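Hi there,

Here is the structure I promised to pass on. Have a look at it first, and then read my notes below.

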Amino acid sequence: VPEIAGLRLAARYRPAAEHLEIGGDFYDVHGSGDDWVVSIGDVAGKGVEVAALTGRTRQSIRTAAHFNRSPARLLSAVNTVLYESGSQLFVTVLCARIRSAPHGRHANVQLAAAGHPAPILIRAGGDVEQISVRGAAVGMQQRVQYRSNSVKLLRGDTILIGADGIDEARSNGGMYGVGRLLKLLPAYAGASPEVNCEA
């Protein structure tokens, strides 16, 4: 991930089972100066067709961002591209536009989701909440109106953007679940604004 003045970005990609076929999880960060786009997504299924659609989705987001970096507009553009391609697959995507203030005072984050798990905001003081963003997965319907939500990251705040593999991790006790994750995260309150991506 790139180094961005006033922010710390961290990413981790860990397959649930490395011996399985190629999956469709991806994340990407692109932009310049104080204006960046973070995207994370998951193409339904496994195999070569899924890998090809993963690449097409990432490239569509990057191309659309040259014209408009609004997360809702990005998702709408990608939805149109994938729907018109005639693929039977669909993709869950979350896009975040991050604009940092001078000297790292704060960062404004605009988010929109297409069938993807909502991100989690961890305030420096330990308060944790899921940010309300939702919308239909891309590629399923011809026209979808996506809506965005905005938050301000102050020094020490963190946004965790993950895939469903985190809360759907299984053990003998069943799925891990969002509730348990929200209880765990206050211990990770940081010292500077941060965006974490997990795929």
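If you want a spot to check by eye, Arg99 stands opposite Asn108 in S5.

Thr92 lies in strand S4. Is Thr92 buried or exposed? Its relative accessibility is 14%, so Thr92 counts as buried, the cut-off being under 20%. The side chain of Thr92 makes a polar contact with the side chain of His116, at 3.0 Å. Leaving out residues up to four places away in sequence, Thr92 touches Ile40, Gly41, Asp42, Ala114, Gly115, His116 and Ala137.

Asn79 sits in helix H2 (residues 71-84). Asn79 also counts as buried, because its relative accessibility is 1%. Apart from neighbours within four places in sequence, the residues in contact with Asn79 include Ala137, Val138, Gly139 and Met140. Gln141, Gln142, Arg143, Val144 and Tyr146 are also in contact with Asn79.

Now for the protein as a whole. Its secondary structure comes to four helices and 12 strands. Of the 199 residues, 44% are buried. The protein exposes about 10600 Å², and carbon and sulfur atoms supply 48% of that area. Among contacts between residues at least 6 apart in sequence, 68% join residues at least 24 apart.

Finally, a word on confidence. The average pLDDT of the protein is 84, and 80% of the residues score at least 70. Among the elements, S5 has the highest mean pLDDT (95), while strand S12 (residues 194-198) has the lowest (59). Where pLDDT is low, the predicted coordinates should not be read in detail.

Happy browsing, and do write back with any questions!

Best wishes

Technical notes:
Residues numbered from 1 in each chain as written. Heavy atoms only, no water. Helix = DSSP H or I, 4+ residues; strand = E, 2+ residues; numbered from the N terminus. Buried < 20%, exposed > 50% of the residue type's maximum accessible area, 1.4 Å probe, protein only. Contact = heavy atoms within 4.5 Å. Areas by Shrake-Rupley, 256 points an atom, 1.4 Å probe, with all protein chains shown as cover. Pairing = 2+ DSSP bridges. pLDDT = per-residue confidence, 0-100. Polar contact = N/O pair within 3.5 Å; in protein donor to acceptor, adjacent residues only side chain to side chain.
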